[in-house]
Amino acid sequence: MVSYIIRRLFGLVPVFFGITIISFFVIHLAPGKPTDIQTSLNPKVSYEARLRLERLYGLDKPAYLQYLDWVKRFATLNFGSSYVDDRNVLDKIKERIPITLLINILSLILILCIGIPLGIISAVKRKSVLARLSTVFVFIGFSTPEFWLALLLMNLFGISLGLLPISGIKSLDFEYFTLTGKILDVARHLILPVAIAAFGSLAGISRYMRSSMIGTIRQDFIRTARAKGLSQSQVLYKHALKNAILPVITIMGLSIPGLIGGSVIFESIFAIPGMGRLFYDSVMARDYPTIMGILSIGAILTLLGNLLADIAYSYADPRMRMTGND
Amino acid sequence: MTRAFLKNRFALTGLVFIIAIIIFSLFAPFIAPYNPSHIDTKNILTSPSKDHLFGTDTLGRDIFSRIVYGSRISLSIGFIAVGIAVLIGVFLGSVAGYYGGKIDSILMRFVDIMLCFPTLFLILAVIAILEPSIFNIMVVIGATGWMGVARLIRAEILTLKERDYVAAAKVMGASDSWIILRHLIPNAIGPVLVSATLGIGGAILVESSLSFLGIGVQPPTPSWGNILMDGKSTLGVAWWLTIFPGIFILLTVLAYNLLGEGLRDILEPRLKDE
């Protein structure tokens, strides 16, 4: 098992560098330079001053040399400093990442806790009202623009009913709360963002769970289990579920980039100071080091998530551990 | 095939709605009661009425007319973005599947890498750095959405290329490109059709998200996303600005999803689970 994980970890290294290469060249080959914002809009800046500024940031070198510089710095976990406020990029990301991770992990838990049972039920009792409702829900879930739903819910719960706060992660008088008060306050602020972040993937996961479960129930070993006289719940939860959940684990791993990407949207709507918001601001300011930093950290998170999914998969499926290739 | 299609309620509902929306966008000048950019300061933020079916916005523009014209932008972004994705995906997927070996493993590694990107981050970075034109949006959505197609077509071709008729074509001296284009791709295109149909809905959603973030289709050109975006600040007083474009996005994407799922049932009956 340990050697399997180590081998997989090494396999991730080229993928990681592939991601950073693509990110780097996509960002740097675009016309225009980040220094343009300071220089071309300002007629007082002389040509020499502009060159000096470009040299300061290393922008006068060819792109591949800039990438090599980036890799060298990355090797010491130095992402450089932001063009905007000259702060260390890693520090900037570090203070933004916990809230994004918290929301994403909570929404993953929500997806698992609702999506999987929903998928199982609609696979087992296909003609039931709940199954039909969940099919409708799945289609609507796939088709709803998340930000639109967020706006509507914000308006309903935040403004019309006044039940939930609509922006930020803590109240203005947060400092005066007791510890439980503080936790409750953050929780109240997170209800809507977590629900929105989960909404889209929830539909997908319950759909996959359903079709995977339907496929499994038809197989011979399930008929055998039934023939042995096992109860319905034993057949379903001991025999069928273990097999049916395998593809869903992989899909969960693959849905991580989508969740991270989605954070741009819900963090903008709910004014949450997380990584998505930071990315948006950095893109608007052409802050290359921060953009690269966030893309690399996003890549690392995604790869780790996929690795976790693989480990979970091989835990659930002993065949994977035996062959263990790839 | 046609009969199977007519029997499939999902596919039929989706298709009817899609045709309706396409007619909408083709005949926009005849359907829209007003010029979508016509500013009417006497009728600012009027609620839905006989004169203005869906009400007016902060500049007094007719929302219904803007949605009708916006359907042109939103639909063409969906079509062209997915067209680009399918071209890239079919090309790379068939090359990888047909030639196998090193080419295959390099291309599939590339697919793995692309799948690890938070796509929205990448799209956001590229479009903000270039400039948010309709053309750029189509290309970038297409260039980040081809991986699924590539995997599908590769998997199909891996099995198809072992068939006797491929060997026969080879013996008769057919070139690789002839075999791929005339024998393999036509037989492998079914699943791609399904994924492309679902992809159009996805692309429309991405465009609307980009507009929402302010880097989508730029005003005054109306797209469903930016009409919705305009309504964000007045949601509390003028719900019609936000509700109507949202419903159009939802129904259109839903229609493509229904059509896609229906096509899947028809083209791949073994996967059908009813």
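**Core, helix pair and chain contact in a predicted model**

Good morning. The largest nonpolar core has 147 residues, a core being a set of buried Ala, Val, Leu, Ile, Met, Phe, Trp, Tyr and Cys residues joined through C-beta atoms within 7 Å. Buried means that 20 or more other C-beta atoms, placed from the backbone, lie within 10 Å of the residue's own. Those with the most contacts inside the core are Ile67(B), Phe121(B), Ile123(B), Leu124(B), Ala125(B) and Val149(B).

This is a predicted model, in which local features need pLDDT of at least 70, side-chain atom pairs count only at pLDDT 80 or more, and totals for chains, interfaces and linings use all residues. Residues are numbered from 1 along each chain as its sequence is written, while chains are lettered from A and ligands numbered from 1 in the order in which they are written.

Beyond its neighbours within four places in sequence, Val149(B) is in contact (C-beta atoms within 7 Å) with residues including Ala85(B), Val86(B) and Val192(B).

Next, the helices, which are DSSP runs of H or I of at least four residues. In chain B, the axes of α6 (residues 119-129) and α7 (residues 134-143) come within 10 Å and cross at roughly 150 degrees. Therefore α6(B) is roughly antiparallel to α7(B), the term for angles over 145 degrees. Ile123(B), Val126(B) and Ile127(B) of α6(B) meet Asn136(B), Ile137(B), Val140(B) and Ile141(B) of α7(B).

Finally, the contact between the chains takes 39 residues from chain A and 34 residues from chain B. On the side of chain A that touches chain B, α11(A) supplies the largest share, seven residues. Thank you.

Conventions: A residue is buried if 20 or more other C-beta atoms lie within 10 Å of its own, exposed if 12 or fewer, and partly exposed in between; C-beta atoms are placed from the backbone. Two residues are in contact if their C-beta atoms, placed from the backbone, lie within 7 Å. Axes are lines fitted to C-alpha atoms, for helices over the stretch in contact, and angles run from 0 to 180 degrees between N-to-C directions. Helices (H or I, at least four residues) and strands (E, at least two) are DSSP runs, numbered from the N terminus. Angles under 35 degrees count as roughly parallel, over 145 as roughly antiparallel, 65 to 115 as roughly perpendicular and the rest as oblique.
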